[in-house]
Amino acid sequence: MVFRSPPTIIYGKGTVTSVGEQAARFGKRAVLVCGKGSLRKSGVLDIIVSSLEKAGVSCAVYDRVGSDPTTSDVDKGAAFAKENGCDVIVAAGGGSPLDAAKGIGMLLTNGGKVTDYEKTAPEKESLPIIAIPTTAGTGSEATRYSVITDTDRNIKMLLSTDGIIPKVAILDFAITKSLPPFMTAATGMDALTHAIESYINVNASPMTKMYSLEAIRLISKSLIPAVLDGRNEQAREDMLLAALYAGIAICSTPTALVHSMSRPLGAWFHIPHGLANAMLLSTVMEYNRPSCPEKFRDIAIAMGENVEGLSVREASIAAVEAIAAIADETGLPKLLSSQGVTEDKIPTLAKDAFAAGSTANNPRVPTVEEIETIYKSIF
Ligand SMILES: [Fe+2]
């Protein structure tokens, strides 16, 4: 078993101001990779730039990353950073800028275009990345993954290599407080999906399972309070930690069937990643449950369910019911048809999900037909 995590994790309210000191460990000129507006609007961009300047690190801002970063976002970002002579990367925002930064960092040391690395692992490590998440979901600050949309082929490419694990993750829950309820719910359900998919994964180890269970416990306690009141600091703190823990868990186990199935929904219908996972999670878990009921019993306990006096089977059912209940309480949409998915596309979605590769990590390996049936059941 292999266990991976970022070498340095800085955690706590106000810690975003440590970015300058951290960046100065690696270079003198940073490229700040971020989204198109919210970081600037929230004032966090100014805090980061001023911390970098105080530490003697100049900064070029690449704020062209949209939601679901594209191959073009990454290729252009690498060219921008090269032109500006950058030697360290600061990535701040949701999963999209963090994933784009990983692609950019990899291109800066290895050259070429991002599509060159879809099947070939890069030889060199990425330029050092300092990741500052402003959402509590993807856990990208802790992972060896980057999901980049290839708009020419309508697929989400998964880059997966140790060389893109950020060197530093800075977790400041105060900068997640402005996240609106929908985003809090969707990204939080993504984190819950990571934690559960890692726990039931065929590659789960004692170390990853410890992180998964604690993430499940924290999310069960704090996701709904964070959705209902974004200013709830304890809930925000719990969620940011949980997303990190779940990220650390999937960094070593990969994700499984839910992620295989959510990726084509994003590529074809632009359904936000967390929402797609939220719609799929309980149904896919009911499909998985008979293959590892003991693990589902553990999940029920972590979610705060009372399993005393229940058989393993009954307790495993309680876990799936608890997952469905939390998805329900977020208020997120439940049906694919509500997000523009058309029934005639389901066979293509199933084929793409099967080809996505994460199904082999699932405790129950599905056929294309079974994947189709799951899509249809939430259509
Ligand atoms: Fe995810």
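Student: Which residues do ring pairs link into a cluster with Phe3?

Tutor: This is a predicted model, where local features need pLDDT of at least 70, side-chain atom pairs count only at pLDDT 80 or more, and totals for chains, interfaces and linings use all residues. Residues are numbered from 1 along each chain as its sequence is written, and side-chain values use heavy atoms, with hydrogens and water left out. Rings of Phe, Tyr and Trp (its six-membered ring) pair if their centres lie within 6.5 Å. By that rule, ring pairs join Phe3 into a cluster with Tyr211 and Tyr245.

Student: How many aromatic pairs does a search of the whole structure find, and is the pair of Phe3 and Tyr211 stacked or tilted?

Tutor: The search of the whole structure gives 3 aromatic pairs. Planes under 30 degrees apart count as stacked, over 60 as edge-to-face and the rest as tilted. The centres of Phe3 and Tyr211 are 5.5 Å apart and their planes lie at 25°, so this pair is stacked.

Student: How many residues apart are Phe3 and Tyr211?

Tutor: Phe3 sits in the segment before strand E1 (8-11), and Tyr211 in helix H7 (residues 206-228). Helices (H or I, at least four residues) and strands (E, at least two) are DSSP runs, numbered from the N terminus. The pair links distant parts of the chain, 208 residues apart.

Student: Which residues are the protein donors of the iron ion?

Tutor: Donors are N, O and S atoms within 2.8 Å of the metal (3.2 Å for Na, K and Ca); water is not among the atoms, so sites may look incomplete. Here the protein donors lie 2.1 to 2.2 Å from the iron ion. They are Asp190 (OD), His194 (NE2), His259 (NE2) and His273 (NE2).

Student: Why does the pair His194 and His273 tie together parts of the chain, and how many residues apart are they?

Tutor: His194 is in helix H6 (residues 181-199), while His273 is in helix H10 (residues 273-288). The pair therefore ties together parts whose separation in sequence is 79 residues.

Student: Is His194 buried or exposed?

Tutor: Buried means under 20% relative accessible area, exposed over 50%, partly exposed in between (1.4 Å probe, protein chains only). His273 is partly exposed at 23%. His194 has 3% relative accessibility, so His194 counts as buried.
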